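Please open the structure in a viewer and keep the residue selection tool at hand.

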Amino acid sequence: MGAASKVKDALKFDIEVVKGPHTGLRLSFASGAATMGRGPENDIVLANDPRISRQHAEIRQRGNEFLIVNLSQKNFVMLNGESIQSEILHKGSVIQIGDSEIRFTPEAVAIEPVMPVMPAAPPVPTPSASVLKPVAPTGLPQMPAAGMPSMPPGAVRPQMPMGHPQGVGYQQQAPRPAPRPASSGGLLSNPKTRFYAIIVVLGLIGWYLMTPAKKGKDQNAFRTSAISMQDVAEAEKRTQELMNIKKEKYDSVQYKRAQENFIRGFRDFQQGQYARAREAFQVVLNLDPENELAKRYYHLSKIKFDELVKFNLIQGSRYREKKNWRMCQSNYSNVITMLQNRRDDPSYKEAKQFYEECTLNLEGGRL
């Protein structure tokens, strides 16, 4: 039986070795996880590849997706040509460990279509049989229409004008009131007075615009060509001084050492050696404190280092619960190695205690 445990609601996946000593090997898994390495306890045994660790990597299900996790501290795991520690797998992803390349193919997850719920149509009210139209009783005197005055007997009703709608009472229009006399508006009510007032206002505006401004020093006035040429000469002199300062900086031994350590730290960062990367970036900052890129990667290296320590502690606890003493010992040993210069760290003390426990159980099982 392989080292990987079954996962609840596990998904199926297939692997195929496309390069290396085991080319052509095809396996299918339905447990949601699988380990790979040279050891016979693995689910994917690659014993003929000497560059693979005894337990090198693990394919692990997380929800509806899969991860590839590097379990080896000495050898690398590459996904699609990039070195990784833990990364999401997709259909057709190529995992490279040692000299072997493995293609990963997950089983497609079927998603049932959800039909939209249509709102129910409101009921159509039916007319009640008891609702009847009123019928005027026969034999009663007819009432005059609304808006029509009652006429005495023998009087002649006025005729409606042509085009008047039927059934609407006719009313004569009241005479329009006489227009009110316009009230006096003062001096400006006279058109001639208003005209002269407008002429005066326009004359005042023109006089204000034509009046020259007070004499004084204009800050925005154009300077003479002699002053402009002097400014250009000073700017060129300052530019040359800055270029000389930069050249001296780039040619200095201190700057070259900083660049060498930056390249070394960046290479270690890409390979997952975060402790060494942080040390290299610290040297860069000691030589060039204003190097913003070195500051950024120094903090990223610290974050990645802490995440790797935490990951090994979680893995060690997981294998300890399963009584897999060999893997438990390996993970806690990684933490001890990473924190060997920080023996007062709680994570180091925890790893040291459980490492000894796993070692005792492993030796006892061998006896």
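In which helix is Ala280 found? Select Ala280: the residue is found in helix 4, where helices are DSSP runs of H or I with at least four residues, strands are DSSP runs of E with at least two, and both are numbered from the N terminus. The model is predicted, so local features need pLDDT of at least 70 and side-chain atom pairs count only at pLDDT 80 or more, while totals for chains, interfaces and linings use all residues. Residues are numbered from 1 along each chain as its sequence is written, and side-chain values use heavy atoms, with hydrogens and water left out.

**Around Ala280**

Ala280 counts as buried at 5% relative accessibility; buried means under 20% relative accessible area, exposed over 50%, and partly exposed in between, with a 1.4 Å probe and protein chains only. Show its surroundings next. Leaving out residues up to four places away in sequence, Ala280 touches Asn261, Arg264 and Gly265, a contact being heavy atoms within 4.5 Å. Then draw a C-alpha to C-alpha distance from Ala280 to Phe269: the two are 9.8 Å apart in space and 11 residues apart in sequence.

**The whole chain**

Zoom out to the protein chain, whose secondary structure comes to 7 helices and 11 strands. Of its 367 residues, 26% are buried. Among contacts between residues at least 6 apart in sequence, 43% join residues at least 24 apart.

**The nonpolar cores**

Select Val309 and Tyr332, which touch the most other members of the largest nonpolar core, a set of 32 residues. Such a core consists of buried Ala, Val, Leu, Ile, Met, Phe, Trp, Tyr and Cys residues joined through side-chain atoms within 4.5 Å. At least two residues of this core come from each of strand 6 (65–70), helix 3 (253–270), helix 4 (274–287), helix 5 (292–321), helix 6 (325–338) and helix 7 (346–366). Around Val309, and leaving aside neighbours within four places in sequence, the contacts are Val335, Met338, Leu339 and Ser347. A second, separate core has 22 residues, including Phe29, Leu79, Leu89 and Ile95.

An open sheet of 6 strands has the order 2-1-11-10-7-8 with antiparallel pairing; two strands pair if DSSP finds at least two bridges between them. Strand 2 (26–29) and strand 8 (82–83) stand at the edges with a single partner strand each, so one side of each has no neighbour in the sheet.

Which residue of strand 11 is the bridge partner of Val17? Select Ile102 to see that partner; strand 1 (residues 13–19) and strand 11 (residues 100–106) run antiparallel and are joined by 6 bridges. Strand 11 is also joined to strand 10 by 4 bridges, again antiparallel, with Gln96 paired to Glu101. In the hairpin of these two strands, 2 residues lie between the strands, and Gly98 takes a positive phi near 60°. Strand 10 (residues 94–97) has 2 bridges to strand 7 (residues 78–79), and Ile95 is the bridge partner of Leu79.

Move on to Asn80, in the loop between strand 7 and strand 8. Its phi is positive, near 55°, in a residue other than glycine, and Asn80 is exposed, with a relative accessible area of 51%.

Select Ala34 and Ile59, which stand opposite each other; strand 3 (residues 33–37) and strand 5 (residues 57–62) run antiparallel and share 4 bridges.

**A loop between helices**

Select Lys323, found in the loop between helix 5 and helix 6. Lys323 is not a glycine, yet has a positive phi of about 65°. Is this residue, Lys323, buried or exposed? Lys323 is exposed, with a relative accessible area of 60%.
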